[in-house]
Every structure is written in structure tokens, then in C-alpha cells.
Amino acid sequence: MKKIIISVVALASVCAVMAQETYENAKIATEDLNGTARYVGMGGAMDALGADISTIGTNPAGIGLFRRSVASVSFGTNTQQDAVDFAGSNKTRMSFDQLGFVYSNRWGRDTYVNFAFNYHKSRNFGYILSAQDQLHGASQNKLTYAKAKNGLLYDGTDERGWPNVNKSYASCNQLDDIYARNLLFDTEDCTWYYDEATAYTLDRNHKGYIGEYDFNLSGNVGDRFYWGFTVGYHKVHYKHYGEYAERLNGFNILVSDDRQISGDGFDIKAGIIVRPIEESAFRFGLSVATPTMYDLTTSNITNVNIDGYSVGNSESLDYKLFTPWKFGVSLGHTIGQNLAIGAGYEYADYGSLDSRYNTGNGYYDWYYGTYHEKSESDEVMNRHTEQTLKGVSTFKVGAEFKPVPELAVRLGYNYVSPMYNKDGFKDGSLQSDGSYFSSATDYTNWDATNRITCGLGYQIGGLNLSVAYQYSSTKGEFAPFMSYEDNQFAADDNICDNVKVNNKRHQLLFTIGYSF
């Protein structure tokens with residue numbers, strides 16, 4: 001690079017038909033282990049045991065086991081181990097986690113029809129990501145240079161002789177736009193250059209949550225067969241702010257990225273629980289959940305500071321995301337009045353995650369006074385998702401022991417298999433609108449999640465007080481940008497090493513419940 005070109009970049013507002021990128025979508029599609037303290041304390045292994053309001057979102061038939069009406073509220077704290085506070089964040093945060101009730105109706109000697117509502121925080125985005133490493137000559141803008149060299153970023157030059165960045169090329173992301181206009185093009189000889197970096201640092205603060213509002217109808221037939229249906233409304237509140245810094249030859253670059261995702265989605269869940277042997281308390285459950293059909297809006301403000309000179313852009317778009325189907329099977333058994341044991345398995349194929357863009361066409365529902373915009377699958381991004389993500393198995397086991405009728409002691413374990421293929425990466429060169437809208441080039445391939453839980457419960461008449469502790473640990477490999485190999489010129493290779501990161505969290509959860 002012979003010189004740095006600094007120009008004012010207008011705030012961009014193009015490409016109305018867009019979808020989102022695989023790694024951003026994966027954040028929205030996943031769920032945490034959360035709910036009442038009893039449910040969390042037993043590792044979520046209550047889908048066949050039932051009679052806990054948190055089963056409304058896993059196996060809705062669990063609500064059919066209630067024989068009395070109940071109401072409960074849950075709250076607590078979440079702490080990220082080993083995190084360093086960044087951008088006003090705090091590694092320990094308060095959380096309001098659950099609020100709901102069950103209204104139980106007796107229709108016969110052993111027959112009930114129950115109605116329930118429950119809110120719970122299905123996804124807590126709170127996480128501080130920090131990573132740093134040597135780059136040995138690679139740099140974030142080198143991929144932009146490779147795209148420019150292959151004619152993917154610009155369509156000739158403007159009247160000044162500067163590159164006319166053609167944003168109709170989907171492989172041009174937000175950073176490509178800034179780099180191409182301000183860092184990589186020499187107006188003296190109309191030639192593309194790049195600069196090498198020695199090291200990088202990244203800090204990002206993730207905030208927000210997904211609130212799930214579930215409405216349930218369930219029943220108990222003869223105390224042998226239990227059924228349930230739940231309609232879920234999901235409300236997304238996601239934010240992140242990150243700063244990525246590189247030391248280039250002779251100057252510094254700082255990329256700041258501020259992103260928000262908001263919107264809502266709907267799903268339907270159904271389940272059954274069967275007690276096959278009349279003389280035994282053993283029962284098994286089956287459940288299924290449709291994809292959550294999200295209608296989302298995402299926006300970003302991205303700035304690049306080059307030795308004190310700041311340039312940037314911003315975007316906002318609407319898109320849709322359909323999560324995968326979920327299937328579950330569970331077992332439960334009680335021994336007398338003292339011991340309950342539960343186990344469960346759930347499967348979802350996240351490789352089938354459907355990233356969709358709005359077509360601009362739709363219809364107006366005169367009855368409800370709402371406009372529904374049609375969408376189509378982003379086939380290019382979905383193929384990348386299929387290569388990057390895979391099926392996830394969740395195993396749950398838990399037990400509750402009552403040494404005396406008033407006191408309950410709970411233990412649980414919850415395992416979630418890896419979602420990401422080990423060789424997956426964020427491909428910024430895809431001819432997809434999802435690539436164009438991306439404003440961060442980094443990605444993390446997270447490994448399996450292990451959760452260990454325990455808890456206590458104490459009942460005084462109709463009042464139930466419970467506390468639970470959850471330790472969650474997930475390891476991952478972070479990369480600041482995708483690596484690039486030039487088959488003709490090895491000097492143009494852009495290779496970065498992955499850095500090991502982790503997400504270790506401690507949750508303390510309290511529930512106050514009342515039966516009436």
C-alpha cells in the first residue's frame with residue numbers, strides 16, 4: 001500500500017432483500033437451560049415426570065399432571081467466570097427468569113383439563129468475548145484485497161478515478177465496503193494494495209435475551225395418559241458491541257461494531273406422557289416442536305478508525321429465520337413419596353436452519369389489520385449453514401430426593417453435543433445477501449456444553465421455596481477472519497490461527513411458588 005485514502009463514507013441503505021448469516025442465526029436459534037429452580041436443579045430432566053410449569057416448553061403434556069392450580073415466579077443472577085469487564089458490561093448480572101400459572105380443572109375422578117401460561121427467558125445472550133493473538137503478516141483487509149483482485153468488489157471507477165464499490169455484489173460485506181473505499185486503493189496508480197498486521201485484539205460485549213411466552217392446554221385421562229399442546233411466542237432482544245484492533249505496518253486500525261437484532265416468532269409444541277402399567281409409577285413421554293418462525297430486524301453501525309481518522313457505514317434490514325424441528329423422548333419414575341428420577345433426550349438438526357429473505361411481495365390481512373410479507377429461502381447461505389452446523393443431541397438426567405416431606409434435594413446433569421463442524425468458518429465470499437450484510441468477520445466454533453446442577457426445595461403449606469445452582473461450560477475456537485490461500489501466489493495467502501476461548505457461567509436461581 002502506497003498511501004491511505006481517507007474519505008467520507010455515506011451511510012448506506014441498499015439491498016432491501018436480505019437474509020442473515022449462519023453464525024448470527026445460530027445465536028438466535030439455540031436455547032439455554034432455564035425455568036423454575038426445580039426444573040433447573042434437576043438438569044431439565046422433567047419431561048416425563050411433569051407437574052412443573054417449565055415442561056410447558058419441552059413436553060406440554062407435563063402440565064397435564066397438575067392436580068392443583070399453581071403460580072410461580074423465578075429470578076436470580078448469572079456470572080461469567082474469567083471474564084474481564086468491557087464497554088460498561090459486568091460479568092455478574094441480575095436476571096428475571098420465569099413467571100407463570102396453571103389453572104387445574106377436575107372433570108372426573110382421575111380426569112383433568114388444565115390451562116397454563118408461562119414466561120421464561122429461553123436464551124440469555126450475556127457474554128463477554130475476549131481474544132488476542134499474533135497474525136504473522138495476515139490481516140483482516142487482505143481478504144478484501146483478494147476479492148478486489150478477482151473483480152468481486154467494484155465496477156470500474158468514478159469520476160475521481162476512485163473504485164466504484166458495487167454493493168450489488170453480495171460478497172462485499174460492510175467491512176469490505178469501508179476498506180475498499182478508504183484503505184486499499186491507491187489513486188495515484190489506480191492499483192489495489194493491502195497491508196500486513198502483526199497482532200490483533202478483540203473484545204465484544206453481548207447483551208439481551210429471548211423471552212418466550214407459552215400458552216398451554218393439557219389434560220389427564222384416567223391418570224394413565226397425559227396430553228398437551230403449547231403455542232409459543234418468542235420475543236428477541238439482542239445487542240452486541242465489539243472492538244477489533246490490528247497493528248499494521250506503521251499505523252493502527254480499530255474496528256468498532258454495534259449490532260442489534262429484534263423481532264418475534266411463533267411455534268407450536270405437542271406432547272404425550274403414558275403410564276403403561278397401572279401398578280407402576282413409571283412413565284415415558286414423547287414430544288415434538290415445530291420450527292420457530294422468526295420475523296426479525298437487524299441493524300448495525302460499523303466504524304473504522306485509521307490512526308485517528310474515522311469512517312463508517314450503517315445498515316438496517318428485515319428478514320426471516322426458521323429454526324429446525326425438535327423431537328424429544330423422556331422417561332420418569334417415582335419411588336414412593338421420597339424419590340423421583342427423570343431422563344430425557346432431544347434432537348434438532350441445526351444444519352437445516354432456514355435463512356430467508358423478504359421478497360417485497362405479500363398480502364394484507366383485513367381482519368387483523370396486518371401486512372404479511374412473503375419470503376424465500378437464501379439457498380446459498382443455507383448450503384453454507386448445512387456445511388457449518390449439524391444435528392445437536394441434548395441429554396438430561398436428574399433426581400429429587402425428599403428425606404422429609406417438606407424438604408427436597410435435587411441433582412442434575414445436562415449435555416448438549418457440538419453444533420458446529422470443526423472445519424466450519426464464516427465465509428465472507430459467498431454470493432449471498434447474508435454475506436453482504438455481515439459487519440464482523442470473526443467467528444467461533446463452539447464445542448459441547450456441559451451443565452451440572454443442584455438445588456433445594458422447601459414447602460410450607462401451599463408455599464414452595466426453591467433454589468438452584470447451575471454451572472455451564474462450553475469451549476470453542478475463535479478466528480478473527482476466514483483464512484485465504486492464493487493458489488498462484490503464496491505471498492498473498494492470508495492465514496490466521498484459531499484461539500481457544502471458553503464460556504463458563506454460574507447461575508443462581510430462586511423460585512417462589514404457591515399452590516391453591
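Predicted model: local features only at pLDDT ≥ 70, side-chain atom pairs only at ≥ 80, totals over all residues.
Trainee: Where does Q507 lie?

Mentor: Q507 is part of strand β23, which covers residues 499–515.

Trainee: Buried or exposed?

Mentor: Buried. The relative accessible area of Q507 is 7%, and the cut-off for buried is under 20%, so Q507 qualifies.

Trainee: Which side chains does Q507 join in polar contacts?

Mentor: One is N34, at 3.0 Å. Another is Q470, at 2.6 Å.

Trainee: Where is the bridge partner of Q470?

Mentor: In β23, and the partner is Q507.

Mentor: The list includes L33, V40, T77, N78, D97, A468 and Y469.

Trainee: How do β22 and β23 pair?

Mentor: In the antiparallel sense, over 16 bridges.

Trainee: And β21 with β22?

Mentor: Strand β21 (residues 443–460) and strand β22 (residues 463–479) also pair in the antiparallel sense, over 16 bridges. Y458 stands opposite L465 in β22.

Trainee: How many residues sit between β21 and β22 in the hairpin?

Mentor: There are 2, and G461 in that turn has a positive phi of about 65 degrees.

Trainee: Which non-glycine residues have a positive phi?

Mentor: A51 is one of them, with a phi of about 60 degrees. H136 is another, at about 55 degrees.

Trainee: Where are A51 and H136 found?

Mentor: A51 is in the loop between α2 (37–41) and β1 (70–80). H136 is in the loop between β4 (127–134) and α3 (141–149).

Trainee: How accessible is each?

Mentor: A51 is partly exposed, at 31% relative accessibility. H136 is exposed, at 67%.

Trainee: New topic. Which residues touch the most other members of the largest nonpolar core?

Mentor: That core has 59 residues, and the ones in question are I28, Y179, V236, I253, L296 and V304. I253 has contacts that include Y179, L183, L248, V304 and I306, with residues up to four places away not counted. Another core lies apart from the largest one; it has 7 residues, among them I56, F66, V102 and A116.

Trainee: I28 again. What about the helix around it, mostly covered or mostly open?

Mentor: Helix α1 spans residues 22–29 and is mostly covered, with 7 of its 8 residues buried. I28 is one of the buried ones, as are Y23 and A26.

Trainee: What happens at the start of α1?

Mentor: A side-chain oxygen of E21 comes to within 2.9 Å of the backbone nitrogen of Y23.

Trainee: How many disulfides are there?

Mentor: The structure has 0. As for individual cysteines, C454 is partly exposed at 30% relative accessible area, while C496 is buried at 8%.

Trainee: Last one, S417. Which loop is it in?

Mentor: The loop between β20 (407–416) and α6 (433–437).

Trainee: Why does S417 count as buried?

Mentor: Because its relative accessibility is 14%, and buried means under 20%.

Trainee: What does the S417 side chain reach?

Mentor: The backbone nitrogen of S393, at 2.8 Å. Leaving aside neighbours within four places in sequence, S417 is in contact with G391, V392, S393 and A448.

Methods. Residues numbered from 1 in each chain as written. Heavy atoms only, no water. Helix = DSSP H or I, 4+ residues; strand = E, 2+ residues; numbered from the N terminus. Buried < 20%, exposed > 50% of the residue type's maximum accessible area, 1.4 Å probe, protein only. Polar contact = N/O pair within 3.5 Å; in protein donor to acceptor, adjacent residues only side chain to side chain. Contact = heavy atoms within 4.5 Å. Core = buried A, V, L, I, M, F, W, Y, C linked by side-chain atoms within 4.5 Å. Disulfide = S-S within 2.5 Å. Pairing = 2+ DSSP bridges.
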